[in-house]
Structure formats: C-alpha cells, structure tokens
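User: I would like to go through the labels attached to this model and ask what each one rests on. Please set the value against the cut-off each time.

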Amino acid sequence: MLIRAKREAEKTIANARARLSSAEASMTVAKLALEEAETQLDAAKIHAPHAGMVVYGGSASKVSRESMIEEGAIVRSRQELITIPDTSSMKISVKVHETVANDVQQGQDALITLDSVPDKVFRGRVSRVALFPDRKNFWSGNNSLVYSVDITLTEATQDIHPGASGKAQIVVHYLEDVITVPIDAVTTIEGRQIVEVQLPDQTTETRPVRIGLVNDQQA
C-alpha cells in the first residue's frame, strides 16, 4: 500500500511539474508576444515635429492607384499618410501662358488676392519658374502651353488656410512718368497710334501717341 501510494504521489508530482513547465513556456511565449505588440504599438505612434494642421496624404489624381487615407484602408510601405504644412511660409502656385512666360523671372514682386480673404491683398515674390511646360496640359487636349510659377508670400499668413484658391499679379516691369489709358482708347490709323483727347472747351481732337508696354486692359 505504501509503495503504491508513493508511486501515485510521484506520478501526480510529475504531472504537476509537466503542467508547470508547459505553463512557464506558454507564459514566456505570451511575454514575447506582448513585448512585440508593445513595440509595434509604440512604432505606430506618430510624433509631430511641430504644432500645426494635419492634412491627409495621398494623390488627388483620379488615376492614382493609392487608396484614400481612411480607417481600414490598406497602405503600402513608405506611402505618405499625413502631412503637417508649415504655415509660417506660404506660397501660391499659378499657371503662366507661354506667350508671357519669358517675362516672368525669379525674384519679381507679386500681388496675391485669395478667394477666402477677398478684401486683402498679400505681397509675394516669385520663388520658382518651371523650365518646362505643365505636362498635365498635354493630356487635357489643350494645345496652349502653360508654365508653373510659385510665388512665396512675404508677409504674415495667419489668415490663410492651406489649399485656398486665388489669383496673382506678377510685376514684370516698373514704369515711371508714363500715362496709361484703356486699350480701347488707342486706335491705329495708317500705321500710327492715335487717341482722342477732350479739350477744355469740351471739343475733342486726335493726337498721335507712342505706345510702350501694353496688356489686355491698358496701354
């Protein structure tokens, strides 16, 4: 009886030790899995280099294969997920027609009007002029060529939100001691440019003029 009881006790102890060893092994695997999960969780945290507005990444092109950044979306390695625009220095990108592209140079002053702040005129300076025409125009079926021009704003931009639309006037020439008139006021007769001038007695007379730089509104 005593021998059989000892054997039963030894068998019970052996089984308990086996279960303990198995539990310890499972605990070790669980700890490793926990450490890996904590590492992955820490790696998933994105720390902003500075305060700002978070903007989703991704291409706006309709033919892009990249999915929209949203919950549950599948993303690839090194895909741009979000960006934080630096609003301390803003720029506006405009398209310049090929007929006047040669007149636009880096460093020229510009005046910018934004649709979101229509009552204010911002000052800027041309920071980049593309060397080649915009490729997007090739696919649009438009035969005219345009060049991309970046204008960096040179004053405070706290009232501007990224993505705002607007228009810009680039100052390509400064003229002093000149008179401007509406372009429709100038008439060409026999190769000479003339304008009609109103005299003090309310009568008018035509006078020849020498035209300098012109645009689509003034001469």
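Analyst: Leaving out neighbours up to four places away in sequence, D134 is in contact with K95, V146 and S148. The model is a predicted one.

User: Is D134 buried or exposed, and how do you know?

Analyst: The relative accessibility of D134 is 14%. Buried means under 20%, so D134 counts as buried.

User: Why is the pair of D134 and K95 called a polar contact?

Analyst: The two side chains come to 2.7 Å. The cut-off for such a pair of N or O atoms is 3.5 Å, and the 2.7 Å between D134 and K95 is therefore within the limit.

User: What makes D150 and K91 a salt bridge?

Analyst: The closest N and O atoms of D150 and K91 are 3.3 Å apart. The rule asks for a Lys or Arg side-chain nitrogen within 4 Å of a carboxyl oxygen of Asp or Glu, so the pair of D150 and K91 qualifies. The bridge links distant parts of the chain, with D150 in strand β6 (residues 146-153) and K91 in strand β3 (residues 91-97), 59 residues apart.

User: Why is K91, R128 and D150 described as a network?

Analyst: K91, R128 and D150 are linked by salt bridges. Besides its bridge to K91, D150 meets the side chain of R128 at 2.9 Å, N to O. D150 lies in strand β6 and R128 in strand β5, so this pair ties together parts that are 22 residues apart in sequence. R128 has 37% relative accessibility and counts as partly exposed, because that value falls between the 20% and 50% limits.

User: How many salt bridges are there by this rule?

Analyst: The count comes to 5 salt bridges. Another pair that forms a salt bridge is E205 with R207, whose closest N and O atoms are 2.7 Å apart.

User: Why are E205 and R207 called partly exposed?

Analyst: E205 has 32% relative accessibility and R207 has 38%. Partly exposed covers the range between the buried limit of 20% and the exposed limit of 50%, so E205 and R207 both count as partly exposed.

User: What makes P208 exposed?

Analyst: Its relative accessible area is 55%. P208 is placed in strand β10 (residues 204-208). Setting aside residues up to four places away in sequence, P208 touches R192, Q193 and I194.

User: Why does Q79 count as buried?

Analyst: Q79 has 10% relative accessibility, and buried means under 20%, so Q79 counts as buried. Q79 is in the loop between β1 and β2 (82-83). The side chain of Q79 reaches the backbone nitrogen of R76 at 3.1 Å.

User: Which residues make the nonpolar surface patch, and how do you know that Y56 is exposed?

Analyst: The patch of about 570 Å² is made by I46, V54, Y56, V75, L81 and I82. Y56, found in strand β1 (residues 55-56), has 59% relative accessibility. The cut-off for exposed is over 50%, so Y56 counts as exposed.

User: How many helices and strands does the protein have, and which element has the lowest mean pLDDT?

Analyst: There are 2 helices and 10 strands. Helix α2 (residues 136-139) has the lowest mean pLDDT, 56, while strand β5 (residues 121-129) has the highest, 92. For the protein, the mean pLDDT is 81, and 88% of the residues reach 70 or more. Where pLDDT is low, the predicted coordinates should not be read in detail.

Technical notes
Residues numbered from 1 in each chain as written. Predicted model: local features only at pLDDT ≥ 70, side-chain atom pairs only at ≥ 80, totals over all residues. Heavy atoms only, no water. Helix = DSSP H or I, 4+ residues; strand = E, 2+ residues; numbered from the N terminus. Patch = residues over 30% accessible without salt bridge, like charges linked within 9 Å, V, L, I, M, F, W, Y side chains within 5 Å. Areas by Shrake-Rupley, 256 points an atom, 1.4 Å probe, with all protein chains shown as cover. Buried < 20%, exposed > 50% of the residue type's maximum accessible area, 1.4 Å probe, protein only. Contact = heavy atoms within 4.5 Å. pLDDT = per-residue confidence, 0-100. Polar contact = N/O pair within 3.5 Å; in protein donor to acceptor, adjacent residues only side chain to side chain.
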